[in-house]
Amino acid sequence: MKVTIDNITVDVAPGTTIMQAARQIGPHIAPPAMCYYEPLKASGGKCRGCLVKVTAGSEKDPRPMPKLVPACITQIQEGMVVENTINEQVLEVRKGIVEFLLLNHPLDCPICDQAGECDLQNFTFEHGVSKTRTVEERNTFDPVDLGPNIKLNMNRCILCYRCVYTADQITDGRVHGVMNRGDHAEISTYIEKAIDNDFSGNIIDVCPVGALTDKTYRFKSRVWFSKPVDASCDCGKCSGKVTLWYRGDEVIRVTARKNEWGEVKEFICNTCRFERKKTSDWTIEGPSKVPHNSVISANKYGANKITPAFPLKQAAEQYKKIDDNRDRSFLAPQKQLN
Amino acid sequence: MKILTEHIDVQGIETIDVFRKKGGYSAVEKALKTMTPDEVTEEVKKSGIRGRGGAGFPMGMKWSFLAKPEGVPRYLVCNADESEPGTFKDHYLMMKSPHTLIEGMIVSSYALGANTSYIYVRGELMYVVNILEKAIQEAYDKGLLGKNILGSGYDLDLFVQPGGGAYICGEETALLESLEGKRGNPRNKPPFPAVKGLWQCPTVVNNVESIAATSWIINNGGDEYAKIGIGRSTGTKLISASGHVRKPGVYEIPLGITVEDFIFADEWCGGIRDGHKLKAVVAGGSSVPILPAELILKTVNGENRLMTYESLSDGGFITGTMLGSGGFVVMDETTCIVHNTLTFGRFYHHESCGQCSPCREGTGWMDKVLYRIEHGKGRQEDIDLLVDVAKKIEGNTICPLGEAASWPVAAAIRHFRDEFEWHIKHPEKATQKGAVFMREGASWSL
Ligand SMILES: Cc1cc2nc3c(=O)[nH]c(=O)nc-3n(C[C@H](O)[C@H](O)[C@H](O)COP(=O)(O)O)c2cc1C
Ligand code: SF4
Ligand code: SF4
Ligand code: FES
């Protein structure tokens, strides 16, 4: 089937989505995906970051589609014409999506473990505007522990449902879901039941933001100070194919390997992730491929010699001052929704 | 002309014996014994009846879209979740005359070839669930439900499901999720329920009032039904009238009467309460655009506005509105539009399911901004901000709740911008109890 995206025509198999077709063309054409995650069935359609304009539905019926459609779940028709990066309306709406996603986001990147490998940061950087229009107080939630190794910081969650699908699909038995509605909805294990399941750690890797983080790695390093290395081991539970994150000689984190779209290639078990933290546990395969525009590829030389303490402290102080000085006088107390 | 409510005040109409004495279940006899399912569908098509749940989609056409693959069950699901602020007609009908709905369910299920059907009732209305269950039991006892109904060879089981307590479960795909026992999140479409609905099988979802009307259509013929009303607005419609009218309540009107008659005639609402004047109307439930007095009574071309799908939407969203679900909320000059908009905004904020970012974040944002304006902390730029946020939600969401949340805000600002500005300019006055802005020279100004 032929489809034209941003004036580039490709041939794709029937059943292909606009997103997959665009990805075949390349990263510069592919719409941003904040919720869609190819390995997870039924994911996508939620964040609306991938909305694109279909200017011709198909060869048979070349009328444009009235609304923007989510690229991640819309299937190609023969002769479909799609506009992504060349359509004003699409780019305008995307700016709006960034704004919505940041509306209640704490913007605590300076102290967030995900910073540097955060889909929301990248999305904002590429599609957002630099000024905020909101003056409202942000919604807040208390951080909770999901078992001994996973921290949930709901303030940062964008409700992409990836972790919910992961828990549904790759761990046996449903371990968590979404409680409540709207902007007061939260990821929950239902009465904070611990997640104890051999594959639960994968919800950390699928999370596009810093809402789910690895407690064994928390605050150990900025991601751009660490070096990713592909390694493997003979694991009875999973494929044992992982990425080790080194700081100096120390393995500070173990994650699953990801493809160029940031999607996990093979889910790994909790033993590999949380317990095998010595080089001697692993056979090293070589440096991981890092996208060239990622901050992870920066600072790779002598990274272990840089002491971040001073600039970080300075930034935090300045940030606090700006935050403390924010004009809050126009904020009326809000009634709590439940 | 009364079709649904003719016998609604008859003593004991909720029992099957009284209901049958009044001619009840004759449509089941006629359809199952003398008509093929396709003939039933044909009559419904001829009647021109449009869905009464809000969107007004032609019912016969919806039925004809139902996929009919071999060996796959089909379902009819009745949407009785009725949670739209200002709408309370289905509740009234089911509570007073449950058999009217059950009769319609049997006829419609027969037409669609469904052997299992569901009535999904708003969770807060447990007493309605009980009334329906009692009536369904009576129908089973009389051989009107179950195996081989009236010896016709047609089987139907009918279940009542209490809802999960969320407005969003009235959206048809959220309803199906909820019916399957899951969280009531709307599904992305396509696929539509007609192809993949309940348990991934072809499903028709219709409103209570739509389904209830099919009995009369079968008894009297689709052509007869189409004679009532005007143009593409055929038949009768239940209107839930509330607010500052003399006689609020549920009225069955023939489509096509004038809005003026509906508000002022003694047969219907009986006019605005004593000593007050009509200021604005929300004509079709909280999600449709509000219109000021002059635009609800007459279109911009000076024609009388009628109670029809077409006339109410004359002028598009600039000067028109929608018939929607028929939740007719009348406001007099004591109503503060900013306060009213905040009430609606708060509702949608509370009811957004939170799946898609524009609706989840946008509804909360609009609520917070409206709250500030109402409480004397507004800024001039907030008005345009609200308009822009509404615009960024509209059309970009999974389900129409996004639009339902944006339209009331956008329309209130479109028609009553001066009230918002007044709130922002004079916070000390605006926040006094009962304070309402009076537009100079407006028909409602005192
Ligand atoms: C947020 C939302 C709430 C809805 N609530 C109801 C409802 O309570 N009752 C109803 O009949 N339709 C409701 N609808 C419309 C249904 O999705 C669907 O269109 C309707 O049940 C179809 O029936 P009809 O064709 O007979 O009108 C709602 C739609 C939305 C988007
Ligand atoms: S916790 Fe992370 S993965 Fe889960 S819904 Fe929130 S953002 Fe998505
Ligand atoms: S529009 Fe709102 S209610 Fe509908 S799916 Fe999206 S978040 Fe849920
Ligand atoms: S990636 Fe398509 S809607 Fe989120």
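Student: What makes the shell around ligand 2 polar or nonpolar, by the classes of its residues?

Tutor: First, this is a predicted model, in which local features need pLDDT of at least 70 and side-chain atom pairs count only at pLDDT 80 or more, while totals for chains, interfaces and linings use all residues. Residues are numbered from 1 along each chain as its sequence is written, chains are lettered from A and ligands numbered from 1 in the order in which they are written, and side-chain values use heavy atoms, with hydrogens and water left out. The shell of ligand 2 divides into twelve nonpolar, no polar and no charged residues. Ala, Val, Leu, Ile, Met, Phe, Trp, Tyr, Cys and Pro count as nonpolar, Asp, Glu, Lys and Arg as charged, and the others, Gly among them, as polar. The shell is therefore nonpolar by this scheme.

Student: Which residues are around ligand 2?

Tutor: Among them are Cys157(A), Tyr161(A), Cys163(A), Ile187(A), Cys207(A), Pro208(A) and Leu212(A). A residue counts if one of its heavy atoms lies within 4 Å of the ligand.

Student: What is the class make-up of the shell around ligand 3?

Tutor: That shell has eight nonpolar, five polar and no charged residues. Of its 13 residues, Cys353(B), Gln355(B), Cys356(B), Cys359(B) and Cys399(B) come nearest.

Student: In which cavity does ligand 2 sit, and what makes that a cavity?

Tutor: Ligand 2 sits in the second largest cavity. To sit there, more than half of its atoms must lie within 2 Å of the grid points of the cavity. A cavity is a set of points, on a 1 Å grid over the protein atoms alone, where a 1.4 Å probe fits but cannot get out; lining residues have an atom within 4 Å of a point.

Student: How much space lies in the second largest cavity, and what classes line it?

Tutor: About 90 Å³ lies in the second largest cavity. Its 13 lining residues include Cys157(A), Cys163(A), Ile187(A), Cys207(A) and Leu212(A), the closest to its centre. By class, the lining has 13 nonpolar, no polar and no charged residues.

Student: How much space lies in the largest cavity, and which residues are closest to its centre?

Tutor: The largest cavity holds about 140 Å³ of space. Of its 15 lining residues, Asn104(A), Met154(A), Asn155(A), Cys157(A) and Glu361(B) are the closest to its centre. Helix H2 (88–103) of chain A and helix H16 (357–374) of chain B each supply at least two residues of the lining. Helices are DSSP runs of H or I with at least four residues, and strands are runs of E with at least two. The lining has eight nonpolar, four polar and three charged residues.

Student: Why are strand S12 (residues 241–247) and S13 of chain A said to pair?

Tutor: Two strands pair if DSSP finds at least two bridges between them. S12(A) and S13(A) share six, in the antiparallel sense, and therefore pair. Leu244(A) stands opposite Val254(A) in S13(A). Their open sheet has four strands in the order S13-S12-S11-S14.

Student: Why are S13 (250–256) and S14 (283–287) of chain A called edge strands?

Tutor: Each pairs on one side only.

How values were computed. On a 1 Å grid over the protein atoms alone, a cavity is a set of points where a 1.4 Å probe fits but cannot get out, and a pocket is an open set with protein on both sides within 12 Å along at least five of seven lines; lining residues have an atom within 4 Å of a point. Grid points are joined across faces, edges and corners, and a volume is the space filled by probe spheres set on the points.
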